[in-house]
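Good morning, and thank you for the time.

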Amino acid sequence: MAPPLPPTAPKTIADYLIRPSKRLRPTSPAPAAAASAPLSSSSLSPEQRRRADTNLALARARRHLRLAESKASGGTAKLEELLVEETWLEALPGELHKPYALELCRFVAHERLHSPVPVYPPPHLVFHALHATPFDRVKAVIIGQDPYHGPGQAMGLSFSVPEGIKIPSSLANIFKELQKDLGCTVPSHGNLERWAVQGVLMLNTVLTVREHQANSHAKKGWEQFTDAVIKTISLKKSGIVFILWGNSAQAKTRLIDETKHHILKSAHPSGLSASRGFFGCRHFSKTNQILERLGLSAIDWQL
């Protein structure tokens with residue numbers, strides 16, 4: 001039996017929310033001569049290149065998370081200051097400084113200060129979907145509604161919860177379909193960040209919510225902002241796979257140029273509707289088939 005590992009330093013919130021790949025094992029130190037030679041990407045297999053790319057994307061997402069956390073730590077950061085990902089700032093120039101967005105920022109700030117219950121997610125995670133999936137890496141979009149409203153659930157990605165949080169019923173159904181579609185093992189956690197950093201934008205249409213009050217921040221301006229995100233993707237990119245589960249997500253079809261993009265529709269994965277068309281939709285394999293036809297790397301959906 002291998003000797004026990006030495007104790008590690010206490011984990012930060014970033015360590016819990018974005019963790020490096022478990023699939024890459026540390027290797028023994030290379031000889032000095034080998035260490036001095038540069039590693040050519042051509043010497044890596046496609047699988048190794050994919051893993052290396054995912055780990056690099058995870059590191060970038062961690063950097064954005066920590067930058068947003070540092071801005072939010074004093075408690076005085078404005079909402080518009082918490083979007084720090086450069087390619088989204090370039091794609092959405094001035095969006096968070098428009099009159100509707102400034103009013104939204106004032107509303108969210110007032111709610112955080114004066115609401116009798118907490119507002120989720122924490123400030124540094126509000127734009128986590130955009131931080132984890134830069135504009136220049138978007139391949140697919142999964143649209144949700146507003147964040148989970150239970151303590152510790154919301155992490156800024158649609159359908160996703162941090163590790164250690166009970167998997168909600170909709171996400172459990174997503175995993176069931178994933179297993180049936182691609183044979184993936186059902187994971188023990190609900191953190192979908194590995195999908196996000198591979199190019200799956202996990203976008204809710206409303207980005208904040210009061211604790212235990214679903215849709216409490218709906219129709220306050222978030223929909224206009226996330227509509228701008230969807231329209232910008234539709235206008236400035238091509239070949240994106242939009243995965244629309246349920247009527248609310250499918251209403252966003254009006255924002256998408258169907259001559260340039262691919263739209264997959266089904267019932268919502270909630271317990272009330274999953275059996276009415278979500279199960280059997282095979283959207284995970286269909287997404288990969290579309291991406292491969294476009295000459296793009298498929299998504300590794302296994303968590």
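Asp146 sits in the loop that runs between strand E2 (140–144) and helix H7 (169–182); helices (H or I, at least four residues) and strands (E, at least two) are DSSP runs numbered from the N terminus. The model is predicted, so local features need pLDDT of at least 70 and side-chain atom pairs count only at pLDDT 80 or more, while totals for chains, interfaces and linings use all residues. Residues are numbered from 1 along each chain as its sequence is written, and side-chain values use heavy atoms, with hydrogens and water left out.

An unreviewed UniProt entry places the feature "active site" at Asp146; such positions are given in the numbering used here, feature names are shortened, and annotations may be inferred rather than shown by experiment. Is this residue buried or exposed? Asp146 is buried, at a relative accessible area of 15%, where buried means under 20%, exposed over 50% and partly exposed in between, with a 1.4 Å probe and protein chains only. Leaving aside residues up to four places away in sequence, Asp146 touches Asn204, Val206, Val209, Ala214, Asn215 and Ser216, a contact being heavy atoms within 4.5 Å. For Asn215, the backbone nitrogen lies 2.5 Å from a polar atom of the Asp146 side chain.

Let me turn to the charged pairs. The whole structure contains ten salt bridges, each defined as a side-chain nitrogen of Lys or Arg within 4 Å of a carboxyl oxygen of Asp or Glu.

One of them joins Arg210 to Glu111, with the closest N and O atoms 2.8 Å apart. This pair links distant parts of the chain, 99 residues apart: Arg210 belongs to strand E4 (residues 209–210) and Glu111 to helix H5 (residues 99–114). Glu111 is buried, at 8% relative accessibility.

A further salt bridge, 3.0 Å from N to O, is formed by the side chains of Asp181 and Arg282. Here 101 residues separate the partners, with Asp181 in helix H7 and Arg282 in the loop between strand E6 (262–266) and helix H11 (283–293). Asp181 is buried at 9%, whereas Arg282 is partly exposed at 42%.

Arg254 and Asp227 also form a salt bridge, their closest N and O atoms being 3.3 Å apart. Arg254 is exposed, with a relative accessible area of 60%, and Asp227 is buried, with 11%.

Finally, a network of salt bridges links Glu47, Arg50, Arg51 and Asp300.

Conventions: Polar contact = N/O pair within 3.5 Å; in protein donor to acceptor, adjacent residues only side chain to side chain.
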